[in-house]
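Please look over the model shown here. What can be said about the contact between its chains, and about a few of its helices and loops?

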Amino acid sequence: MSWLSQIGPVVGKELLIEWRDRSRISGLFVFSAALLLMIAFAVPKVSLLADVAGGAVWLGLLLASTRSLDQSFRVEMENGSLEGMVLWPVDPLAIYYGKAIANAVVLFLVATAIVPLVLVLYHPTVRGNVGTLFGILTLGVGALAAPGTLVAALTVQARGASALLPVLLFPLVVPVVLAAARATTLVFEGDPMGDLPRWIALLAAFNAVHWSIDGLLFTRIVDEG
Amino acid sequence: MDTASWLPGAIAAFLAAGAVIAANLRSGRPALSLPTWDRLVGLLGLVLLVQFQYRGLFASPPERMMGEVARIMYVHVPVAWLAMLTFAFACLFALAHLLSGRGVFDLLVEATVEVGIVLAILTQIEGMLFARPTWGVYWTWDARLVSTAVMTLAFMGVLSLRGVVSDPEKRATWTSVTAILATSSMVVTYMSVQWWRSIHQMQSTPETVSGPMKELWRANAVALLLVTIWLVVERYRLAEARAREERAPPLPEAEVT
């Protein structure tokens with residue numbers, strides 16, 4: 001059974017775990033909603049909220065991702081199932097891609113809850129294409145999930161290193177947050193200068209690099225683990 | 001060029017020789033015995049750095065448009081080059097470790113990341129000192145400045161992770177993995193002036209810089225390269241000593257008689 005055919009069952013397992021313990025994903029929704037409120041309280045004028053709406057979406061997703069990524073591996077470590085999968089044997093590449101795809105799906109679900117909340121609370125006018133917005137969300141959550149899955153696999157294994165997940169992940173995903181926030185803002189406010197394709201291209205390039213390389217790096221972590 | 005312009009270098013060479021002799025005498029070695037190769041390289045680099053920094057900061061003519069302020073470029077540009085070069089070598093050593101499994105490459109990753117962080121912080125500080133008189137602010141949310149700060153944080157994260165992992169083999173592999181990941185931020189930093197509308201200068205090329213300035217930049221960069229090599233090797237020796245201590249068998253328990 002090649003590693004490609006193993007990805008589907010791993011994704012299914014991950015999503016089944018999320019479905020069985022829906023409190024985790026609902027916890028992410030609540031966390032993101034609370035964060036949106038906090039951002040609104042921190043902005044001095046209500047009239048500025050529409051300007052920061054695009055950034056608020058991605059700040060919420062970024063912080064929610066740290067919890068989601070940590071949870072996705074913690075459940076494996078607590079039950080020893082990561083070693084079990086490797087010994088089965090499940091190819092480490094399949095484990096990585098399965099988990100990363102599942103993490104991206106979870107983040108996308110969180111995004112579908114955050115965006116309507118931002119539209120209601122922050123009142124941005126959506127001048128752009130909703131389809132383009134979905135494309136940006138897909139590329140953005142993918143770009144967070146790929147390196148995030150790798151970094152979470154590291155930090156969950158070292159005692160006391162969970163606090164390092166944001167320390168390691170945030171510098172890596174700065175281009176993602178920047179590009180996704182700018183692109184989302186352009187969808188909300190309109191794009192008179194035609195900058196949107198460049199930001200989407202940056203997101204696509206980030207995805208291409210990390211989805212191809214991080215799987216190979218993950219195999220070394222699991223082999224040593 | 002008159003002989004007096006070589007005076008700072010001559011004084012630095014004299015002091016370096018004196019330091020070597022003093023160190024030899026303190027360690028009980030013959031006064032004129034040569035230090036290790038890396039210390040020789042480092043001393044040569046320091047002497048050259050004193051000489052060429054003197055030329056850049058004091059003896060060279062002012063820049064056509066920026067005047068005396070531009071002298072900091074003789075410091076800032078070589079330090080920035082060496083910071084990125086050091087991080088690039090960290091990535092190469094990390095790849096070498098993952099491919100070969102040899103511990104020496106892991107120790108070199110530790111050494112180059114740490115030295116690279118110091119150089120990157122210096123780059124940022126010097127850049128801020130340069131920015132104040134030229135842009136009017138110490139800091140602006142410019143692509144080059146922000147990406148340099150992010151690059152520094154990314155590699156600091158690598159060292160932070162190294163500090164919390166006790167298993168040597170896991171620590172080595174994870175350091176290599178995160179160093180390779182952090183290198184992406186170095187690439188973004190280097191290309192930032194081309195990818196975004198930045199107020200920072202574009203990457204310097206021989207075609208964009210006048211002859212005397214170009215030669216002095218290169219000279220300072222070579223001098224700093226020698227110093228960097230020395231720092232990396234010294235840091236490697238320290239990492240090697242710590243690794244040896246970690247591997248040493250425990251002392252036998254004392255017997256009570």
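## Model and interface

This is a predicted model. Chain A brings 26 residues to the contact, and chain B brings 25 residues. The size of an interface is often given as the accessible area lost when the parts come together. Here the area buried between chain A and chain B is about 2,100 Å². Carbon and sulfur atoms give 74% of that area.

Polar links are counted by rule. Two residue pairs are in polar contact across the interface, both at pLDDT 80 or more.

## The chain A side

Which elements give two or more residues to the side of chain A that touches chain B? They are α6 (130–155), α7 (164–172), α8 (174–189) and α9 (196–224) of chain A. α9(A) gives the most, with nine residues. By class, the residues on this side of chain A divide into 17 nonpolar, three polar and six charged.

## Helix α8 of chain A

α8(A) is one of the elements on that side. This helix has 16 residues. From first C-alpha to last, α8(A) reaches 22 Å, close to the 22 Å expected at 1.5 Å a residue.

Burial runs along much of the list of its residues. A:P175, A:V176, A:A179, A:A180 and A:A181 are among the buried residues of α8(A). A:A183, A:T184, A:T185, A:L186, A:V187 and A:F188 are buried too. Just after the helix, A:G190 takes a positive phi of about 95°.

## Helix α5 of chain A

Helix α5 of chain A spans residues 92–122, with 31 residues. The distance from its first C-alpha to its last is 42 Å, close to the 45 Å expected at 1.5 Å a residue.

Both ends can be described. At the N-terminal end, A:D91 caps α5(A). A side-chain oxygen of A:D91 lies 2.8 Å from the backbone nitrogen of A:L93. At the other end, α5(A) is followed by A:H123, whose phi is positive, near 55°.

## An arginine in a chain B loop

B:R71 is found in the loop between α2 (37–59) and α3 (73–100) of chain B. Why does B:R71 count as buried? Its relative accessibility is 12%, and buried means under 20%.

What does B:R71 touch, not counting residues up to four places away in sequence? The list is B:G56, B:L57, B:F58, B:A59, B:S60, B:P61 and B:P62.

Definitions and conventions: Residues are numbered from 1 along each chain as its sequence is written. Chains are lettered from A and ligands numbered from 1 in the order in which they are written. This is a predicted model: local features need pLDDT of at least 70, side-chain atom pairs count only at pLDDT 80 or more; totals for chains, interfaces and linings use all residues. Side-chain values use heavy atoms; hydrogens and water are left out. Contact means heavy atoms within 4.5 Å. Buried area is the accessible area (1.4 Å probe) that two parts lose on being put together, summed over both. A polar contact is a pair of N or O atoms within 3.5 Å; within protein, one must be able to donate a hydrogen and the other to accept it, and residues adjacent in sequence count only if both atoms are side-chain atoms. Helices (H or I, at least four residues) and strands (E, at least two) are DSSP runs, numbered from the N terminus. Ala, Val, Leu, Ile, Met, Phe, Trp, Tyr, Cys and Pro count as nonpolar, Asp, Glu, Lys and Arg as charged, and the others, Gly among them, as polar. The expected span of a helix is 1.5 Å times one less than its number of residues. Buried means under 20% relative accessible area, exposed over 50%, partly exposed in between (1.4 Å probe, protein chains only).
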